[in-house]
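Q: Could you walk me through how the two chains in this model touch each other? I'd like to start with what the terms mean.

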Amino acid sequence: MSKRKPYVKPMTASWFLNNRFHTLYMLREGTSVFVGLYSLILLWGLAALVKGEAAWNGWLGHLQNPVYIVFHVIALVACLYHAITWFSLAPKAMHLQKGDQKLTDKPVVIVHYVAFVVASVVIIGVVALGGAA
Amino acid sequence: MSQAMMRVTVQRYRPEQDDAPFMQEFEVPYADDMSVIDALHYIKDNLDGTLSYRWSCRMAICGSCGYMVNGVPKLGCKTFLRDYLNTGLTVESLANFPIERDLVSDIGDFVEKLEEVKPYIIRQDAVSVQDGEHLQTPAQLTRYRQYSLCINCGLCYAACPQYGLNNEFMGPAALTLLHRYNQDSRDQGRDERIDIVNAEEGVWGCTFVGYCSEVCPKGVDPAAAIQQGKVESSKDFVMSKLRPRRSS
Ligand code: SF4
Ligand code: FES
């Protein structure tokens, strides 16, 4: 008779706390909560804009509330953390080679940062110009 | 001069008498060049002959000696006591696999998955031996070489929480092996493998944790192969609307 009795270790609900890499991964995934909430607030603003000036000013008033300001700072940090970790992973999604040599990850990461800076400058520029006009 | 000793904590599990694994401490003589399997050998030869663990080549090529060392998937022959002087050293069987006995885990599921991806060159147009060999340029070799360096050690499965949570997921090494054959210029089996790629248990079961690539002892970078598989799968989704597949 077989004496085999393979033992399966259960995975606990807090599995991601046992390993630093897994903790950072969950942190990366957790940033989506803040990005999601931020998008909802933005949608709410859009809805207010459609409703009319009073609603729009009301929404702007809400945003002055320290709770919202603190939330936006946290959401910004979460977004940046997500972007940085994402940029460092991005090269994995493509295989680039020159002749018979595989390219290093660096150029892909740099392109992502350049695109990020350019997009940010353009968007902030447009908003600033729009505000001035 | 008295011999320096180091404490090594080892997971034990004897199915005929234990209901669950437990930890056992051993004192082993310490040397700078001593690997984890050297320590296990010392224990087996001098302290407790019943200790079971797998190993073979002692040079990071057979892939038999995967253990969790202080909670991190490592090859026992490529991991040295000298790096654990300050932290202490605990050796357990590979995570996410059933424990067969002591440090021996049951990797049967992993091996079956490796077989499932059709890891061999598939040709649609039959060529005869008289036609000679299939030539391949160095540039064509570069497209898959890294993914062919896998030693099937299973460390990436022990690193993968998605496999741990649901072992229906094909997992890092199997999907990488699949990608390796798809990238081979001599192969024409892409259409036969695409259903495995597209499946929920295929590349889309991966949430890009990335730890597999971190722990891989051979620089295979399975996470990269899987992300490229996602690109392939997305392309296939669009293309399948435009052209029929080669029948599989
Ligand atoms: S991909 Fe790396 S970690 Fe995974 S089985 Fe192969 S050699 Fe081991
Ligand atoms: S003993 Fe062969 S890889 Fe470690």
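A: Let us begin with one term: a polar contact is a pair of N or O atoms within 3.5 Å, where, within protein, one must be able to donate a hydrogen and the other to accept it. Please keep in mind that this is a predicted model.

Q: How many residue pairs are in polar contact across the interface of chain B and chain A?
A: The rule finds 18 residue pairs in polar contact across the interface of chain B and chain A, with both residues at pLDDT 80 or more.

Q: And which parts of chain B supply residues to the side that touches chain A?
A: At least two residues each come from strand S6 (99-101), helix H3 (138-142), helix H5 (161-165), helix H8 (211-215) and helix H9 (222-242) of chain B, and the largest share, 5 residues, is that of H9(B).

Q: What kinds of residues are on that side of chain B?
A: The side of chain B that touches chain A divides into 17 nonpolar, 12 polar and 9 charged residues.

Q: How many salt bridges are there across the interface?
A: There are 5 salt bridges by the rule used, and Glu92(B) forms a salt bridge with Lys9(A), in which the closest N and O atoms are 3.0 Å apart.

Q: How much area do the two chains bury?
A: Chain B and chain A bury about 2,700 Å² between them, with 57% of it on carbon and sulfur atoms, and the contact takes 38 residues from chain B and 25 residues from chain A.

Q: Changing topic, which residues come nearest to ligand 1?
A: Of the 13 residues around ligand 1, the nearest are Cys150(B), Cys153(B), Gly154(B), Cys156(B) and Cys216(B), while the shell as a whole divides into 10 nonpolar, 2 polar and 1 charged.

Technical notes. Residues numbered from 1 in each chain as written. Chains lettered and ligands numbered in written order. Predicted model: local features only at pLDDT ≥ 70, side-chain atom pairs only at ≥ 80, totals over all residues. Heavy atoms only, no water. Near = heavy atom within 4 Å. Nonpolar A, V, L, I, M, F, W, Y, C, P; charged D, E, K, R; others polar. Contact = heavy atoms within 4.5 Å. Buried area = accessible area lost by both parts, 1.4 Å probe. Salt bridge = Lys/Arg side-chain N within 4 Å of Asp/Glu carboxyl O. Polar contact = N/O pair within 3.5 Å; in protein donor to acceptor, adjacent residues only side chain to side chain. Helix = DSSP H or I, 4+ residues; strand = E, 2+ residues; numbered from the N terminus.
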